[in-house]
Amino acid sequence: MGATAYLFDTIFLSHKPGLGHPERPERLSAINGKITGSRFYRELLLVDPAKPDMRYIESNHSSAYIGDVKRKIEDGGRFLDMDTGVSENSFEAALLAVGGSLKLCDAVMSGKAVNGFCAVRPPGHHAEYDYSSGFCIFNNIAIAARYLNDAYGLKRIAIVDWDVHHGNGTQHSFEGDDFVYYISLHQVPLFPGTGYAKEKGYGRGLGYTLNIPMEPGMTDSDYLDAFNGTIIPALDNYRPEIMLISAGFDAHHADPLASMMLTTDAFRIFTEMLVGVANRHCGGKVIAFLEGGYNLDALSESALKMMEVFVSASRGGNNG
C-alpha cells in the first residue's frame, strides 16, 4: 500500500517549558527511543521539519497572536499563559512542528505514505485562534486540516481526539464549518472545562461536533463501548476522505494528570478501529499528531502500539 511516515527532529526537544513542567522534552525522547529501537524503524518514511508558509498558520490563528508569541519569546518571556511555558527556541520549534506536519500531509496525499505520525512538540489541540492554552502554542492538527482543505480540496476530514482533555482549540476552529467532523472523548470534569455533549456546532457546522464526556475511572471496556456504539458508526456514516487523530496518551491509568484507567493495549485497539474506518472509506489515509501523555513509560509504549498498527496497515495488513 505504501509506507508509514514519521516526523521527528531534535528541534522539538529544544522547546523547554521549564523545570518540573509535565510537558517536558523527555516525553518526545522516550517516544523516539521506542520507535528508533523498533524492528520496523528501517521501513519508515522519515519526514524532516520545514518552515511553513505563514498563511497556513494564519488560516487558524490571528496574525496579531502569532506576532505576540514571537515577540514574547524573543524578549525572554518564559510563559505565554499560566500553563504554557516557553524557552528561546520555542517559537522555532512551534513553526517547524506545523511545517513538518504539513510535509507529512503531503507525503500521505501524494501516496508516498499511507499513514503517519507527527511526533512533535509543542502539542496543539488546546491552542485557540488568538491565545495559547494548556501547553499548546499553534494548533498543529487544525492547521493541517485547513491545509488539506485548501491545498487538496478535501471536504470530509475526520478528527478523532482521544486525548483525556477536550481539544477546545480544535473544536472552536471548526464548530461553524462542515468540512471537518470533530469527535472527542475526554474526562469530565477536567481541564479545560469544555466538551459537553450539548456542544454540537452551529450554522453550517451544526452536527459536525461530537463530544463524548467520560467520567473519571473509565476503563478499556467503557471506551470501547463509546467507539463501537457511537464513534465508528458516526465515522462510517460520514465517510471521511482522511482520518486525523489527536493522539494524546494521558487517559492511561499511569498518567499523573488525569483519572482514567486505560491500558497500553487500548491505544492499539483504538488505532486498529480507526484504520479500519480509513480502509473502508479513504484508502487507509490516517495521520496522528502527538498531544498529551505525561508518564514516560506509558506514553512511549502506547505510541509504539499505535505505530505498530500503522506499519502493519502500510504493509497491507488487515485492520478492520
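Analyst: Buried means under 20% relative accessible area, exposed means over 50%, and partly exposed lies in between, with a 1.4 Å probe and protein chains only. The model is predicted: local features need pLDDT of at least 70, side-chain atom pairs count only at pLDDT 80 or more, and totals for chains, interfaces and linings use all residues. Residues are numbered from 1 along each chain as its sequence is written, and side-chain values use heavy atoms, with hydrogens and water left out.

User: Why is Tyr-238 called buried?

Analyst: Its relative accessible area is 8%, and the limit for burial is under 20%. Tyr-238 therefore counts as buried. Tyr-208, at 28%, counts as partly exposed.

User: What makes Tyr-208 and Tyr-238 an edge-to-face pair?

Analyst: Rings of Phe, Tyr and Trp (its six-membered ring) pair if their centres lie within 6.5 Å; planes under 30 degrees apart are stacked, over 60 edge-to-face, and the rest tilted. By this rule there are 18 aromatic pairs. For Tyr-208 and Tyr-238 the centres are 6.2 Å apart and the planes stand at 70°, which is edge-to-face. Tyr-208 lies in the loop between strand 5 (180–187) and strand 6 (209–214), and Tyr-238 in helix 7 (residues 220–238), so the pair ties together parts 30 residues apart in sequence. Helices (H or I, at least four residues) and strands (E, at least two) are DSSP runs, numbered from the N terminus.

User: Why is the pair of Phe-227 and Phe-270 called stacked?

Analyst: The ring centres of Phe-227 and Phe-270 are 4.6 Å apart, with 15° between the planes; the limit for stacking is under 30 degrees. This pair links distant parts of the chain, with Phe-227 in helix 7 and Phe-270 in helix 8 (residues 264–281), 43 residues apart. Both Phe-227 and Phe-270 are buried. They also belong to a cluster linked by ring pairs, together with Trp-162, Tyr-223, Phe-249 and Phe-267.
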